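Welcome! Let us take a friendly walk through this model, one piece at a time.

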Amino acid sequence: LLIAPMSEHPQVAAFLREHPPTDFEQQRLNRCLEAVESPWSRREENLLRILVWGVTMPATAVLVGSLRRRSDRLAEVLLRRERNYAATVMASLSDGLAVFAPDGVVVEVNPRLCEMTGFRREELLGAPARFWPEDGVESLRGLLERAGSGRACELEIVLHRKSGGSFPATVTPSVMRDESGRITGVAVTLKDITERKQAEEALRESESRYRLLFERNLAGVYRNTLDGRILDCNEACARILGYASREDLLAQKAQGVYFDPADRDVMLRRLALHGALTNVEVRLRRRDGSPVWVLENVTLLNGEGNEGRVLEGTLVDITDRKRAEEQIAHQAYHDALTGLPNRALFRDRLELALTHGKRHQMRPAVLFLDLD
């Protein structure tokens, strides 16, 4: 180990003449001297700490160059271990990693990046990145400027494969500096986000189909809270209830569209028990106050965020059908010419009267009068 002052060693002196150390490096070298002047039992431990934990490359070269044979072997082993450790870490990364010089030349890549792009390591080192976008050097310089400003940034770009294809990726740069603060390069982490982009596109398509079905559905579709706040509806829903637009309906309360507000309370109690109701005939109120009969299907769901539980349902206008049913029932029990009750209605009423009389121990009387 070092016994003589470091600057008196011929190899050290030659190195220092060619590579003058900075003030920061000189401080490191002085600490090296202090370490090797410690008791013999602590020298190798101190040397290990110096080499592994923060000696700059010039300082490491000076220190290694000044060691004797035993120290040379120790330094080689330590540096080899350090390189192996770094290679192991890079190889274990699940994301791609590329180290660029300030001019855009690739300095190092890890196996995952080669797997992502299809390039071999030998094809990438020492040249501009062939997997980077066409304006690679310029965009890399912009990335370097962003990272150098100290702001954390993550960008999405499209990278090229050797086979000619491309894939989307996120890049996260980290600036590399020397002891003087000068930028020496940038390390970029690259994550293949192809699956995420496909999932996002599928979600957008699903939402688009849902919105199209929602907006163009001939049935009224609505979504409101338990307290009656209408969260969303389509134009058909507004049209069924006699409103000019969905915005007009969204400004109303759900209780106000029921002809009898008690009908909604009954529906909520049934939903609390069953969770969903199907084909329920309900009489609602149009904006002008006239009644409208609808066939309602509704489900009780958990809302998003602070919405609490919500109702999602559909409305189908069956007013014409109800009128037709009433007309058919009227025609079945009334004379078509005079509109007076016919024999079928008399028989129906007579059966009710007999049942009522039997139940209450009364004798109903029947009067037949022939009108000519």
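Helices (H or I, at least four residues) and strands (E, at least two) are DSSP runs, numbered from the N terminus. With that in mind, L369 is found in the segment after helix 14 (343-359). This is a predicted model, where local features need pLDDT of at least 70, side-chain atom pairs count only at pLDDT 80 or more, and totals for chains, interfaces and linings use all residues. Residues are numbered from 1 along each chain as its sequence is written, and side-chain values use heavy atoms, leaving out hydrogens and water.

Is L369 buried or exposed? L369 counts as exposed because its relative accessibility is 63% (exposed means over 50% relative accessible area, buried under 20%, partly exposed in between, with a 1.4 Å probe and protein chains only).

Five strands form an open sheet in the order 2-1-5-4-3, with antiparallel pairing (two strands pair if DSSP finds at least two bridges between them). Strand 2 (106-109) and strand 3 (155-160) are the edge strands, each pairing on one side only.

| Pair | Bridges | Opposite residues |
|---|---|---|
| Strand 6 (residues 220-225) and strand 7 (residues 230-233) | three bridges | R223 and D232 |

The hairpin of strand 6 and strand 7 has four residues between the strands, and G228 takes a positive phi near 100° there.
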